[in-house]
Amino acid sequence: MTNQDRRKNPHNEGMMLDLMYIVIGVLVVICAVLAFLDPEKNQFLFPVIFWLAGLLNGVSGWYKLKYSGRDKKRRFGGISLCLCAGILVLLGVASAISIRR
């Protein structure tokens with residue numbers, strides 16, 4: 001197997017996706033704990049939590065869309081994850097704007 005074949009292997013991408021889930025999940029938990037311990041001091045973490053969740057949903061939806069093939073259920077699942085990602089990013093923007101004011 002050449003180097004180029006290894007890069008396109010869905011198993012490798014799945015492992016990277018799992019690693020990303022773990023890293024972003026830990027970051028979200030840390031941000032949430034810090035944000036709820038002292039909400040007034042750490043209020044800037046609320047948009048960050050929304051943005052990290054949006055990133056996680058967006059990448060997950062992209063991965064499902066990429067490997068859905070002709071399966072309409074998986075394609076619909078990927079599209080719905082991407083829509084949820086957009087909503088979460090917009091909530092993060094709205095949260096950041098409301099914190100600024």
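S95 is buried, with a relative accessible area of 13%; buried means under 20% relative accessible area, exposed means over 50%, and partly exposed covers what is in between, using a 1.4 Å probe and protein chains only. This is a predicted model, so local features need pLDDT of at least 70 and side-chain atom pairs count only at pLDDT 80 or more, while totals for chains, interfaces and linings use all residues. Residues are numbered from 1 along each chain as its sequence is written, and side-chain values use heavy atoms, with hydrogens and water left out.

Back to S95, then. This serine sits in helix α4, which covers residues 72–100. Helices here are DSSP runs of H or I with at least four residues, strands are runs of E with at least two, and the numbering starts from the N terminus. Leaving aside residues up to four places away in sequence, S95 touches F46, P47 and F50, where contact means heavy atoms within 4.5 Å. Helix α4 is also the place of G86. With 33% relative accessibility, G86 counts as partly exposed. Its C-alpha atom is 9.5 Å from that of W51, a residue 35 places away along the chain.

Rings of Phe, Tyr and Trp (for Trp, the six-membered ring) pair if their centres lie within 6.5 Å; planes under 30 degrees apart count as stacked, over 60 as edge-to-face and the rest as tilted. By this rule there are 2 aromatic pairs. One of them joins F36 and F46: the ring centres are 5.6 Å apart and the planes stand at 80°, so this pair is edge-to-face. The pair links distant parts of the chain, with F36 in helix α2 and F46 in helix α3 (residues 45–66), 10 residues apart. F36 is exposed at a relative accessible area of 60%, whereas F46 is partly exposed at 22%.

What about the inside? In soluble globular proteins, nonpolar side chains tend to be buried together. In this model, the largest nonpolar core has 5 residues in all: L17, M20, I24, L52 and Y63. A nonpolar core is a set of buried Ala, Val, Leu, Ile, Met, Phe, Trp, Tyr and Cys residues joined through side-chain atoms within 4.5 Å. Helices α2 and α3 are the elements that give two or more residues to this core, and the largest share, 3 residues, comes from α2. L17 touches V59 and Y63, again not counting residues up to four places away in sequence.

I22, V26, V29, I30, V33, L34 and L37 form a nonpolar patch on the surface, and together they have about 660 Å² of accessible area. Patches are made of residues with over 30% relative accessible area and no salt bridge; like charges are joined within 9 Å, and nonpolar side chains (Val, Leu, Ile, Met, Phe, Trp, Tyr) within 5 Å. The areas come from the Shrake-Rupley method with a 1.4 Å probe, and for residues only the protein chains shown count as cover.

Now for the charges. A salt bridge is a side-chain nitrogen of Lys or Arg within 4 Å of a carboxyl oxygen of Asp or Glu, and by this rule the count comes to 1. K66 forms a salt bridge with E13, and their closest N and O atoms are 3.1 Å apart. This pair, too, links distant parts of the chain: K66 is in helix α3 and E13 in helix α2, 53 residues apart. K66 is partly exposed, at 41%.

H11 and K72 are 61 residues apart in sequence and 22 Å apart in space, C-alpha to C-alpha. M16 is found in helix α2 and is exposed, with a relative accessible area of 55%. Its C-alpha atom and that of A96, 80 residues apart along the chain, are separated by 30 Å.
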